[in-house]
Amino acid sequence: MRDLLKECLSEESGFVELRYHHKESRSFFAERGRVESTALRKRTGVGVRVLESGTWGFASTSEITKASIQNAMQIAKKAARLSSALRKDKIPNLPKANFAVGDFIGKGIEDFRSRSVEEKLKMVLDIQNEATRHSNKLQSVGCGYSEIYEEKAIVTTDGANSFFSLVRPEFRVSAVAKDDGKLESGSHSIGVTGGWDCLFRSQSPSQISEEACKTAVDLLSSELPLGGLSTVILSPSIVGLLVHEAIGHTVEADFVLSGSVAQGKIGHRVGSDLVTLCDSGASEFYEGAGGTIPVDDEGVIPTNTVIIKNGILSSYLHNRETAERFGVAPTGSARAWEYGDVPLIRMRNTFLLPGDSSLEEMIANTKDGYYLDGAKNGQADATGEFMFAVQKAYRIQNGKITNLLKGVTVSGLAFDVLQNVDMVSKEFKWDLGSGHCGKGQPAKVDAGGPYVRTKVLLGGK
Amino acid sequence: MDRGAIEKRLSDQKDLLTNLISKAKSNGIEQVEIYSSYGYSEDVSLEKNDLNNCTATEENMFGIRVIHEGNQGFLISNHIPSLYTSIEEAYQLAKSQSTPDPDLVLPETRPITNQFDTYDSSLDTMGIEDLVSYAKEALGWRNDLYDKINIDSGDFSLSKGYKLIVSSKGVMAHELGAELSASVMGMGVDGDLVGSFDYDSASGFTKDQFQSLWKKAFHNFGDKCMGALYAKPTTGFQGKVLLPPDAVYSFFLGLFIGSLNGTSLRKGKSKMAGKIGEKVASSLLSIWDDPTNKGFMGSTGFDREGMPTSFKKVLTEGVLESYFYNTYEAKKAKLPISNGCATGGAQSLPGCGPKQLQIAPGNANKDEFFKLPGKTLFVNRISGTKDGASGDFSGVVKGGYLLEGGEKIPVREVQIVGNAFDALNQIEAISKEGELIGESSFVPYMLLDGFTITGVMEN
């Protein structure tokens, strides 16, 4: 594929970027004793981006031929020329980058190819059947397995020339329990970049199912916490949501240029000394993080970007255009979801570095607070105000975990929350590898870290 | 790409898909459905108060459903030359399963009485140059009227295409469409002050319709961003919330409508199960689904399974009147046929849901809501989470105001917690005035009482 793309570019003199993308998604879902759906999705095409007259032009084609790709190049150039007069802030050129050259074949691909559809179907069906036996309060248990296999080739006129492939499997269980007219949900999911063994490395399918079912049943007897500003210990999944939603989005350089709260704060203190925050294209500490990419969608090798070092804001996340504007090197953060999507600045694997405490010490040192666990969804704002939803909130009183409360929305101002971090655990976990981040397009990301104690606004009664 | 070219493509594709289905049947694949979605679009995007990118995209997606002895395989592809191979792969997926359900069948064909063609050929005279001029106009509005607003992103789009469904049961239906649309997202920035995000959008079948709606939407966006810029924290309280149409539709009502979905009902995940004919909401609330209104964007003559759509009452003065079914869920509910509520497109299996919800206006004057005694929280938008089964929702209020003593004070760092099913009975008043959300659903303002509002300041 690289050869075809290079051939298409052989006579080009300006900047042209060609991105071939083939994606196959398989999903299997079982509920109420039967396989509810099996689906296979295939999408292939080439996205063409040009920089002409200081403006971007983009076109795409699902036909993988030289003629079709070259036609798309002409459409993209025309689009750029037509719009150039309106663009005030012209893009003079793009900086050189650490371009990826060669083939990068991901781990686990053969493992998934060798496993049959029947094997995957049996797994979701068996787990679902087994789960409903846990409690007669369970109304419904859904079990899903999915995998995204993708391959990309990225070739540019200024030096990128790479092919890569990877597979991202996910496994999820969602349960609904009922008692006395009350319905509650529990869910648990995992997702990695890598093979089957990587997916089920820390928890078996049965353990994942048990956790989801237990949450749904336990929540039937829970109540809302008291609302207000509270001391909280966040589990790694919640830390992942916090660093992704509260900080990560505000330091995406396109967002910074639009006026996010992180604008002009490089070199400023934005967190306590205990806070060192990174975003990496690799899977740091151990393999499998769900947002791992060997090459970004501009053909750049991703860096491990230190966003905050000991509380001081030190870097934004950049594509080539914003790197040029800020006079820094691209961080390899440009990502596109489909071949027909323009690459945007996106996070990859975002994490807080571990500290020196243990979870036990943190709980023992908390007189009045909550332990929050089970990430749901989250969103951030330009102001740095974020919200994320948790499944479960455990009350901590006098250094001991007491009753389970219904998890609700947690919010705060990103930098205030980081400034209030006063304990960070030694343990580390990637725990946000399932699901997607949304920013116009979806993206597979991961996030995680240690257990962290801070203060947030807890919604409640 | 103009109307003539799209019609030619559609005609050729009908022949192609019909032949593929015939071939499949002759090879023993009895139940095949192909849903085709073709789109051509030109787009101009904005970023950082400037033009960002111009794009042209064209794609044809196919959703292929094969049912074999009560088991279903589904495949999505954008590759026309291998469509027959895709049918065989979907067949293999169906055959690999061991949990058949005799109720899982493709629907028999039914006549479609409402014919829709929302392709106005005058749009064929437009192109990227026109989108660039709309972008220029919007940036001019920003510079002249809202210079404290940063446009984080925006998009102007001219799109055209068709949807087509063909099945081995004789279903054959198509609709052409074309529209102009635009959206904008951004926030107010004044020195170190940054307001919360807001957005707005508009779309139209014709140039005139689009221009008028877009101008209104952009100014609405500007006013919302400016309103949020000088927001301050406030104290929590128990009391009233005022929901504008957007908030009613996107957050509060969504949970209730989701509970009327045939799948949720069958799986025991809906609190509305067994409540047809019962009063489940305030008598002030009446809702209906009307996909047959040709004046609304998104109206359609057939659903995801090629079954005819129709007007239906959902809630009349608080009494529940109907659920939403596709063919499978209708059979599971012991009904002979669906009620034309299969949702989705080429990239998804048929779900269940409404097409064009309409909420009856009330008899209150919305301006009076802003002059109520005591404290009322105006909830412009909720950034939060909701649980379909329990109905619980919670979130941060965005672009909100505290209405107190005739004053309108912008607030931030405020959370609201509630339950959608309880909230149906907490409606205190509904306005006469409302808005057409997405140019398709009429939604009024609603005043509700009895909410917990959490603020960061001490009482």
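User: How do the residues lining the largest cavity divide into nonpolar, polar and charged?
Analyst: In this predicted model, that lining has 7 nonpolar, 7 polar and 6 charged residues.

User: What volume does that cavity have?
Analyst: The largest cavity comes to about 200 Å³.

User: Which residues lie nearest its centre?
Analyst: A:K376, A:K406, A:G407, B:D387 and B:D392 do, out of 20 lining residues.

User: And which strands supply at least two residues of the lining?
Analyst: From chain A, strand 7 (182–191) and strand 16 (385–397). From chain B, strand 17 (381–386), strand 18 (392–398) and strand 21 (414–419).

User: How many cavities of 30 Å³ or more are there?
Analyst: The count is 3.

User: Switching to sheets. What is the strand order in the 6-stranded open sheet of chain A?
Analyst: The order is 11-10-9-14-23-20, and the pairing is mixed.

User: Which are the edge strands?
Analyst: Strand 11 (312–313) and strand 20 (429–430) of chain A, each of which pairs on one side only.

User: How do strands 9 and 14 of chain A pair, parallel or antiparallel?
Analyst: Strand 9 (residues 277–280) and strand 14 (residues 349–352) of chain A are antiparallel, over 4 bridges. Within that pair, A:L277 stands opposite A:L352 of strand 14.

User: Which strands does helix 7 of chain A lie across?
Analyst: Helix 7 (residues 236–248) of chain A lies across strand 9, strand 10 (304–309), strand 14, strand 20 and strand 23 (446–449) of chain A. The helix runs at about 120° to strand 23 of chain A.

User: What about the 4-stranded open sheet in chain B, what's its order?
Analyst: It goes 12-11-10-15, with antiparallel pairing.

User: Why is one side of strand 12 and of strand 15 left without a neighbour in the sheet?
Analyst: Strand 12 (319–320) and strand 15 (357–359) of chain B are at the edges and each has a single partner strand, so one side of each has no neighbour in the sheet.

User: How many bridges join strand 10 to strand 15 in chain B?
Analyst: There are 3 bridges between strand 10 (residues 287–289) and strand 15 of chain B, which run antiparallel. B:D289 has B:L357 in strand 15 as its bridge partner.

User: What does helix 5 of chain B touch on the sheet?
Analyst: Helix 5 (residues 245–258) of chain B touches strand 10, strand 11 (312–316), strand 12 and strand 15 of chain B. Its direction makes about 110° with that of strand 15.

User: Last topic, helices. At what angle do helix 2 of chain A and helix 3 of chain B pack?
Analyst: Helix 2 (residues 66–84) of chain A and helix 3 (residues 128–145) of chain B pack at about 35°, and their axes are 10 Å apart. The crossing is right-handed.

User: Which residues make the contact?
Analyst: A:A79, A:L82 and A:S83 on helix 2 of chain A, with B:I128, B:E129 and B:V132 on helix 3 of chain B. By class, the contact has 4 nonpolar, 1 polar and 1 charged.

Notes. Residues are numbered from 1 along each chain as its sequence is written. Chains are lettered from A and ligands numbered from 1 in the order in which they are written. This is a predicted model: local features need pLDDT of at least 70, side-chain atom pairs count only at pLDDT 80 or more; totals for chains, interfaces and linings use all residues. Side-chain values use heavy atoms; hydrogens and water are left out. Axes are lines fitted to C-alpha atoms, for helices over the stretch in contact, and angles run from 0 to 180 degrees between N-to-C directions. A crossing is left-handed if the near helix is turned anticlockwise from the far one by less than a right angle, and right-handed if clockwise. Contact means heavy atoms within 4.5 Å. Ala, Val, Leu, Ile, Met, Phe, Trp, Tyr, Cys and Pro count as nonpolar, Asp, Glu, Lys and Arg as charged, and the others, Gly among them, as polar. On a 1 Å grid over the protein atoms alone, a cavity is a set of points where a 1.4 Å probe fits but cannot get out, and a pocket is an open set with protein on both sides within 12 Å along at least five of seven lines; lining residues have an atom within 4 Å of a point. Grid points are joined across faces, edges and corners, and a volume is the space filled by probe spheres set on the points. Two strands pair if DSSP finds at least two bridges between them.
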